[in-house]
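Please view the sequence and the structure below before reading on.

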Amino acid sequence: MRFKIIGSGGCVATPKPLCTCKICMEARTKGKPYSRFGCSLFLEDINLLVDTPEDIVHAINYSNINEINNVLFSHVDPDHTLGIRVFEQLRLNWLEVSEGKECNNPINVLAMEHVMSDMNSIQFVFGSYLDYYEKTRNLIKRNVINKFIHIDGIKISCVKVNHATIFVFEENEKKVIYAPCDVKPFPNDEILKDADLLIIGNTIVGNILKDGFILKENNPLREDLFTMDEIQNIKRKYNIEDVIITHLEEDWGKSYNDYLELEDHYDGIKFAYDDMEINI
């Protein structure tokens, strides 16, 4: 399986608009891998994109993706969904529509039932955006995943966590887990054991963050997000070979170089960056 991290950033992009901190200034000057688009993943084998953050159009343009036929949604949070106008960018041709020709190759949109229901609630004055894209323009075709689905030899299993989803990709004897956001507490599920790779987000990296902010022991962020110690515990408990941490927030105040240095302090743990290629 050939994965690519399209966006490794958090709910705030790096660089943050108007921010003049050294991390954001460096990201503006140098671009990738110092800059970070919103959190998204691409599985090349089946032309599948996971999530559509607001900047997904730009992330796709600056990647080497040639085709997208499937889009999988993890949860409804805006930093993972509000780029859904990408369906128009990918499939809508207004010149053909002007002659009465609608799209004839809709994108397969996939999600668990609770996520699809949440997605359908994103609307404007004329109703649900996804209704418009499917029923009026035929740009997409929605498909609810109960527990798993097979696409061209790759099995995709879903584990519900809170209002979000953990995805497990399997081909032959290989297993990759993608848990981008809102998956704490990490579920005790057999399917999450013995993976070759876990790609996980929403992890606080360090106790000293942007502008010297010290994360105290009683800070509520520790309840919602994983700490590095907790990531190490998950890796050991579930017998996961390697871990890549994504959804890296601008608030952590760390540059690409800082993350490279941190990797030397952990066994089998790396930090994602935009256009990172992963072959399993």
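## Charged contacts and overall form

With a relative accessibility of 14%, Arg 222 counts as buried (buried means under 20% relative accessible area, exposed over 50%, partly exposed in between, with a 1.4 Å probe and protein chains only). Its salt-bridge partner is Glu 217, and the closest N and O atoms of the two are 3.8 Å apart; a salt bridge is a side-chain nitrogen of Lys or Arg within 4 Å of a carboxyl oxygen of Asp or Glu. Glu 217, by contrast, is exposed, at 68% relative accessible area.

The model is predicted: local features need pLDDT of at least 70, side-chain atom pairs count only at pLDDT 80 or more, and totals for chains, interfaces and linings use all residues. Residues are numbered from 1 along each chain as its sequence is written, and side-chain values use heavy atoms, with hydrogens and water left out.

The whole structure holds 17 salt bridges. Three of them are listed here.

| Salt bridge | Closest N and O atoms |
|---|---|
| Asp 275 and Lys 32 | 3.0 Å |
| Arg 222 and Glu 217 | 3.8 Å |
| Lys 270 and Glu 263 | 3.9 Å |

Asp 275 and Lys 32 form a salt bridge. This pair links distant parts of the chain, 243 residues apart: Asp 275 lies in the loop between β15 (269-271) and β16 (276-279), and Lys 32 in the loop between α1 (22-30) and β2 (40-43). Asp 275 is partly exposed at 24% relative accessibility, and Lys 32 is partly exposed at 27%. In the bridge between Lys 270 and Glu 263, Lys 270 is partly exposed at 44%, whereas Glu 263 is buried at 15%. A network of salt bridges also links Asp 131, Glu 134, Lys 135 and Arg 142.

The chain as a whole has ten helices and 16 strands; helices (H or I, at least four residues) and strands (E, at least two) are DSSP runs, numbered from the N terminus. Its radius of gyration is 19 Å, which agrees with the value near 19 Å for a compact globule of 280 residues; the radius is taken over C-alpha atoms, and the globule rule is 2.2 Å times the number of residues to the power 0.38. The C-alpha trace spans about 60 × 45 × 35 Å along its principal axes. Of the 280 residues, 54% count as buried.
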